[in-house]
Amino acid sequence: MIRLDAVHYSSEGFVADFDFETAKAEFVAVIGPSGSGKSTLLSLIAGFEAPRSGRILLDGKDMTQASPSERPVTMVFQDHNSFAHLDLWTNVALGISPSLRLTAAERQSVDDALARTGLGALAQRKPGEVSGGERQRVAIARALLRDEPILLLDEPFAALGPALRREMLDLVKELQKEKDYTVVLVSHHPDDALYAATRTAFLSNGRILAFEPTRQLFKRNDLPELESYIG
């Protein structure tokens with residue numbers, strides 16, 4: 001589903017080289033120290049950054065030169081990007097149309113996405129009136145509206161406590177199985193990878209030093225960088 005073939009990237013002194021491939025409907029985690037290239041990897045897949053060389057293939061199609069809007073990708077960031085003066089329903093509906101001129105079917109799809117993410121009863125509340133986890137659900141509801149086969153999560157739950165992070169991961173796992181999404185989760189919390197991901201990639205200094213079944217990765221004792229990261 002996702003393939004980075006000999007991708008070389010450089011910007012402002014940071015250099016990265018990625019060979020990376022996931023299967024369809026796989027849940028993958030990406031871990032590594034700050035500055036290792038985790039967000040860069042997601043940005044290359046999403047099209048927010050461009051490689052100097054190499055190819056990016058999504059669902060078997062070469063998307064190296066495609067714009068973000070042309071790619072079958074939805075990206076959720078740590079900053080949920082909610083508008084404080086708008087209620088949750090409107091914040092989610094903006095994912096369909098910035099003008100908010102929606103058909104009846106589109107309005108129903110907003111209602112369905114809110115219900116599916118547990119926000120139906122909170123639709124008329126504003127972001128400041130709900131919890132951090134509920135605000136993050138707005139971003140996931142928007143992702144449901146886009147319904148693209150690839151879901152990229154760039155530390156979206158980093159500001160949440162352990163219980164809320166687990167709750168959000170459960171929701172993503174449910175949606176992934178229900179929709180057959182291919183999920184790539186960047187996290188600073190190794191426990192997130194152990195809980196949710198079938199395979200995990202460990203990055204250091206712009207390189208993928210290991211990419212293998214998650215529990216197998218965490219049992220390795222031959223990677224000093226991994227040992228230093230996990231502690």
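User: Which residue follows α5, and near what value is its phi?

Analyst: In this predicted model, helix α5 covers residues 162-179. The residue that follows α5 is aspartate 180, and its phi is positive, near 60°.

User: How far does α5 reach from its first C-alpha to its last?

Analyst: Helix α5 has 18 residues, and at 1.5 Å a residue the expected reach is 26 Å. The reach found in the model from the first C-alpha to the last is close to that expectation, at 26 Å.

User: Which elements do the buried residues of α5 pack against?

Analyst: The buried residues of α5 include Arg165 and Lys173 as well as Met168, Leu169 and Val172. These buried residues of α5 pack against strands and helices, namely β3, α3, α4, β7, β8 and α6.

User: Is alanine 16 buried or exposed?

Analyst: Alanine 16 lies in strand β2, which covers residues 14-22, and, leaving aside neighbours within four places in sequence, it is in contact with Val7, His8, Tyr9, Gly206 and Arg207. Because its relative accessibility is 0%, and the cut-off is under 20%, alanine 16 counts as buried.

User: With which side chain does the side chain of threonine 200 make a polar contact?

Analyst: Threonine 200 has its place in strand β9 and is buried, with a relative accessible area of 0%. Leaving aside neighbours within four places in sequence, its contacts include Ala29, Ile31, Phe211 and Thr214. The polar contact, at 2.8 Å, is made with the side chain of threonine 214.

Note on methods
Residues numbered from 1 in each chain as written. Predicted model: local features only at pLDDT ≥ 70, side-chain atom pairs only at ≥ 80, totals over all residues. Heavy atoms only, no water. Helix = DSSP H or I, 4+ residues; strand = E, 2+ residues; numbered from the N terminus. Expected span 1.5 Å × (residues − 1). Buried < 20%, exposed > 50% of the residue type's maximum accessible area, 1.4 Å probe, protein only. Contact = heavy atoms within 4.5 Å. Polar contact = N/O pair within 3.5 Å; in protein donor to acceptor, adjacent residues only side chain to side chain.
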